[in-house]
Amino acid sequence: MPVSPAVLGLHIGGSKTHAVRSDAAQGDPAQSDTRAPGGTGVEITEASANLSSVGHQGADAVLRRIAASVGGGIEAVCAGAAGADTPASRAVLSALLTEHFPGARIEVVHDTRIVLAAAGLDVGAVVVAGTGSVAWGRNRDGREARSGGYGYLLGDEGGGYSVVRDAVREALREYYAGLEPGTLVKALMSATANVDALQLMDSFYAKPEPDHWAGLAPLVLDLAAEGDPAALRIQAEAAHSLATLARQVMGELGLDLPLVMAGALLVNQSQLAGAVARKVSLEDPSSIRILAQPPVHGAVELARQLIRN
């Protein structure tokens, strides 16, 4: 039986890096073996190698550990990276990957592109809500469009950090209105070990890392699912922001494209995903889907295409 080339897919997010080595052609059952280091189908999760989050040295250390874990013989690597927006940032990451995987074909793309590939699509639109938020798409003519994904200082509305920031704002609103903290605010203060809204605000500024606060977004959205009024307002605002991103991309590329929703908030929070789908308001609701497998598998497929092409 011929041996398939070994490829590596990477999904480099704001809080972690997901890596999958595959020695099998697409659809080969051997691909599901994720046990043996250096063997067929090695799968690991590491700290983030996002350059904007951890810097050159931090990314280098993470990629070094991944290279040691997945073993040698990698012929192609595709990395889908959050924040890989400019040729310069992609070139830096490509250089690091070339160092750790010498001789391999290397491609660095924005992480929205691997989402589309993970959904088994060549054309379509993607809206992602994780730590941040972004929408991207490509139509049948090969034209691409993007909306959002500017980072927590300039945008990312509807992402996890934004959701929790709105919850902190709710705490301050209630405090200065002289109201007793509501259910959402009490839960947030308990989760962060703060005694009141002012201490919560100090904590928010003292530790501004987006991934730290984004991790509390499920707390807010779970309370929305239970009917808490403040959490429902925040969820509605998040859904509006995410639907706006998707509509902007589809307005440029064609409303007949399928839409894939991805990222932890949309995959794991069905009420938020449903609200986004309703607000996008496509004529054919069946063309909206939630990504059924981790985005890293799209990076694996794009790495295979590097070899085939």
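I started with pairing: β6 and strand β7 (residues 133–138) run antiparallel, joined by 6 bridges. Strands here are DSSP runs of E, at least two residues long, numbered from the N terminus, and two strands pair if DSSP finds at least two bridges between them.

Before going on, I noted that this is a predicted model, where local features need pLDDT of at least 70, side-chain atom pairs count only at pLDDT 80 or more, and totals for chains, interfaces and linings use all residues. Residues are numbered from 1 along each chain as its sequence is written, and side-chain values use heavy atoms, with hydrogens and water left out.

Back to the hairpin: 3 residues sit between β6 and β7. I looked up Val126 and found Trp136 as its bridge partner in β7.

Next I checked strand β9 (residues 259–262), which runs parallel to β6 and is joined to it by 4 bridges. Here Val127 stands opposite Met261.

Is β6 covered on one face or both? Both: Gly124, Val126 and Val128 are buried on one side, and Ala125, Val127 and Ala129 on the other. Buried means under 20% relative accessible area (1.4 Å probe, protein chains only).

Then I moved to Ser147, which lies in strand β8 (residues 144–148). Ser147 has a relative accessible area of 5%, so I wrote it down as buried. Its side chain makes a polar contact of 2.3 Å with the side chain of Gln248; such a contact is a pair of N or O atoms within 3.5 Å, one able to donate a hydrogen and the other to accept it.

Key: Buried < 20%, exposed > 50% of the residue type's maximum accessible area, 1.4 Å probe, protein only.
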